[in-house]
Amino acid sequence: LVFTCCHPALALNARIALTLREVGGLTTTEIARAFLVPEATLAQRLVRAKRRIRETGIPFRVPSDHQLPERLPEVLRVLYLVFNEGYAATAGDELVRRELCAEAIRLGKLLCVLMPSEPEALGLLALMLLHDSRRDARIDDAGEPVLLADQDRARWDPAEIAEGLRVLERAERLERPGPYQLQAAIAAGHAQGSSPAVIAAAYDALVLVEPTPVVRLNRAVAIALAGELDRALGLVDELEGLDGYPYLHAARADILRRMGRTAEARDAYADAIALTESLPERRFLERRLASLDHP
């Protein structure tokens, strides 16, 4: 069904959004957040896509084997976004939606059986497994987020880490690295205890092939964790198109806090809180904001 819905006759973003809505079961709000666009804009895309299907008679049938590779990038994107919504829910009382993570991983494994020579399918599966291995350590007893640097590694799932590393090794043997494989290599670095400087260097490689604003933001965060706060802040302030993205303001606030620029950090935390619909993340940010007044 995912391959069927990712029809090349539809606009790229429309086919991904429609698949997430009709097959993945995500809400319009959740999909809009994933695409970093207003909900009304996303709703219009869905309406236009459905109208185009009706007016042009796009056939609803499973593509033949030779048509799968051309649809693979969109299918990978759909699985990645479903997993992301499970990994860090955009709204609600729960930070992690385990059923979405599990379903994305299940479909990723099926995809790798269907297309075992596709390195990016393997890379995405490795990425999801390595991220999911930290699931139990990402939430404290109150259900609120625990930052990666503060997580208890004893609570990481060693079997899932081992499986992710094996899948990543299979992808690397194919010698066609892509964005998902590079992201999986970064996740593997975290799992294996690589230094912040090594992780930051890996992001330098990723941003060359996937220079999206979110990847560049993650790179800036990695650079900050490596101790280059001035450089990291400069990279964050250069980003465009993320004004409505709460993680941008949260990252900027954390960098400013570590630089001792308390007043600016306070404003940035307030911006992040105003944009955050996840209750656990909002409470976490509120505690960070309060800590500026009571260090």
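**A kink, some packing and a few loops**

Author: There is a kink of about 30° in α5, centred on Glu74; the bend at a residue is the angle between axes fitted to the seven residues ending there and the seven starting there. Helices here are DSSP runs (H or I, at least four residues), numbered from the N terminus. A word on ground rules: this is a predicted model, so local features need pLDDT of at least 70 and side-chain atom pairs count only at pLDDT 80 or more, while totals for chains, interfaces and linings use all residues. Residues are numbered from 1 along each chain as its sequence is written, and side-chain values use heavy atoms, with hydrogens and water left out.

Reader: Is Glu74 buried or exposed?
Author: Glu74 sits in helix α5, and α5 is mostly covered, with 15 of its 20 residues buried. Buried means under 20% relative accessible area, exposed over 50%, and partly exposed in between (1.4 Å probe, protein chains only). Glu74 has 9% relative accessibility, so it counts as buried.

Reader: Which residues does Glu74 touch, not counting residues up to four places away in sequence?
Author: Contact means heavy atoms within 4.5 Å. With residues up to four places away in sequence set aside, Glu74 touches Cys6, Leu12, Arg15 and Ile16.

Reader: At roughly what angle do the axes of α13 and α15 cross?
Author: Two packed helices are described by the angle between their axes and the distance between the axes. Axes are lines fitted to C-alpha atoms, for helices over the stretch in contact, and angles run from 0 to 180 degrees between N-to-C directions. Helix α13 (residues 246–259) and helix α15 (residues 279–293) have axes that come within 12 Å, and the crossing angle is roughly 25°. Angles under 35 degrees count as roughly parallel, so α13 is roughly parallel to α15.

Reader: Which residues of α13 and α15 make the contact?
Author: α13 passes α15 in a left-handed crossing, meaning the near helix is turned anticlockwise from the far one by less than a right angle. From α13 come Tyr247, Ala250, Asp254 and Arg257, and from α15 come Glu281, Leu285, Arg288 and Leu292.

Reader: Is Arg288 buried or exposed?
Author: Arg288 belongs to helix α15. Neighbours within four places in sequence aside, Arg288 is in contact with Leu147, Asp254, Arg257 and Tyr269. At 17% relative accessibility, Arg288 counts as buried.

Reader: Where does Leu36 lie?
Author: Leu36 has a positive phi of about 60° although it is not a glycine. With 34% relative accessibility, Leu36 counts as partly exposed. Its place is the loop between α3 (28–35) and α4 (39–56).

Reader: And Glu175, is that one buried or exposed?
Author: Glu175 is another non-glycine residue with positive phi, near 55°. It is found in the loop between α8 (158–173) and α9 (179–191). At 68% relative accessibility, Glu175 counts as exposed.

Notes:
Helix = DSSP H or I, 4+ residues; strand = E, 2+ residues; numbered from the N terminus. Parallel < 35°, antiparallel > 145°, perpendicular 65-115°, else oblique.
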